[in-house]
Amino acid sequence: MLSPPPCVVFPLSDFTIHLSRLQRGMRKTKNTSLDSVVTDFILLGLSHSPNLRTFLFLVFFTIYILTQLGNLLILLTVWADPKLHARPMYILLGVLSFLDMWLSSVIVPRIILNFTSASKAIAFGGCVAQLYFFHFLGSTQCFLYNLLAYDRYLAICQPLRYPVLMNGKLCTILIAGAWVAGSIHGSIQATLTFRLPYCGPNQVDYFFCDIPAVLRLACADTTVNELVTFVDIGVVAASCFMLILLSYANIVHAILKIRTADGRRRVFSTCGSHLTVVTVYYVPCIFIYLRPGSKSPLDGAVAVFYTVVTPLLNPLIYTLRNQEVKSALKRIIAGLGAASENK
């Protein structure tokens, strides 16, 4: 008969040593995982030559100041003049100016900061807030452009029914709906983006915290995020743009029926300028968000148009070229002059 193999007995001290080594290894792995969690991001900003740093600082600083002053002027004019704030179109333009001021403030100061020697770091929470407010304000503005196009369509194509179809109460409801929809959109995008783990690197190759640039740093699969970005932003923005073009196509058709050449010229001028601003806003958005996985160096330059240029153009195109706004400004200035003389 075969005898059973001898039983090998490990000393208790050896077992304790092995257990201690295993525990140390687990603690090391855990600490490494915790240390690798990103707590802030570095915004690399716009690519530029060091020789142009001062020039670009002055350009963007000037744009920011002009954007704030121009939109503030329109906002105060609409609020102060009874003839303007009683009409839906100017209520919409006042809200647009308010949005432009905040949208510019979310993005442009960070761009300006990147042209200085200050730190380019942004806290994780700051990055979340910037992404949320950018998409909240940007999508609200997107919906507002549609409301402006719809308002112009009703005013030109159905002038007799316009006071009924677009009254103050309906205008307020539509504006509130745009704000709510924008807030929901911003919340969805911020939640989906930052639910992913970020364990390094932390350098965002962009001038602000936006979805495509931040997703490149995620330590997980981003397929779902890219699909949601494609549908929720790219397709929605493209659909809104097509609806605006359809509205203006009907407007052009109605303009061609105007008998006087001066009437056609004035309406064409207004609609043409509106379409210019809308195109500058929507086309770059569609270009970027319909390509969520893109790493093109052109994306940053394209994004400047709808984050920096459009808020500057809106007060110039939508209102300061408007005869009624000019008249309101003259009345306000005349009123202030008369008040100062009475003192």
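## Close-up views of a predicted model

**View A. Arg 331 is partly exposed, with a relative accessible area of 37%.** Buried means under 20% relative accessible area, exposed over 50%, and partly exposed in between (1.4 Å probe, protein chains only). The model is predicted: local features need pLDDT of at least 70, side-chain atom pairs count only at pLDDT 80 or more, and totals for chains, interfaces and linings use all residues. Residues are numbered from 1 along each chain as its sequence is written, and side-chain values use heavy atoms, leaving out hydrogens and water. The partner of Arg 331 is Asp 81, in a salt bridge of 2.8 Å, N to O. Arg 331 sits in helix H12 (residues 323–342) and Asp 81 in the loop between helix H2 (53–80) and helix H3 (82–85), so the pair ties together parts 250 residues apart in sequence. Asp 81 is buried, at 4% relative accessible area. A salt bridge here is a side-chain nitrogen of Lys or Arg within 4 Å of a carboxyl oxygen of Asp or Glu. Helices are DSSP runs (H or I, at least four residues), as are strands (E, at least two), numbered from the N terminus.

**View B. Asp 151 and Arg 152 form a salt bridge.** Their closest N and O atoms are 2.8 Å apart. Asp 151 is buried, with 0% relative accessible area. Arg 152 also counts as buried, at 15%. The model's count is two salt bridges.

**View C. Helix H4 (residues 88–114) bends by about 35° at Ser 105.** The bend is the angle between axes fitted to the seven residues ending at a position and the seven starting there. The 27 residues of H4 reach 40 Å from first C-alpha to last, close to the 39 Å expected at 1.5 Å a residue. That expected span is 1.5 Å times one less than the number of residues. In H4, 21 of the 27 residues are buried, so the helix is largely enclosed by the rest of the structure.

**View D. Helix H9 (residues 223–255) bends by about 25° at Phe 230.** Its 33 residues should span 48 Å, and the end C-alpha atoms are 46 Å apart, which agrees. Within H9 lies Val 236, partly exposed at 30% relative accessibility. UniProt's unreviewed entry annotates "transmembrane region" at several spans, including 170–188 and 233–255. Such annotations may be inferred rather than shown by experiment; positions follow the numbering used here and feature names are shortened. In the model, residues 233–255 are 100% helix and 0% strand, with end C-alpha atoms 32 Å apart. Residues 170–188 are likewise 100% helix and 0% strand, with end C-alpha atoms 27 Å apart.

**View E. A nonpolar surface patch is formed by Leu 227, Phe 230, Val 231, Val 235 and Leu 290.** Together they have about 380 Å² of accessible area, from the Shrake-Rupley method with a 1.4 Å probe; for residues, only the protein chains shown count as cover. Patch residues have over 30% relative accessible area and no salt bridge; like charges are joined within 9 Å, nonpolar side chains (Val, Leu, Ile, Met, Phe, Trp, Tyr) within 5 Å. Leu 227 belongs to H9 and is exposed, at 54%.

**View F. Leu 56 is placed in helix H2.** Leu 56 counts as buried, at 18% relative accessibility. Leu 56 and Phe 115 are 59 residues apart along the chain, and 7.2 Å separates their C-alpha atoms.
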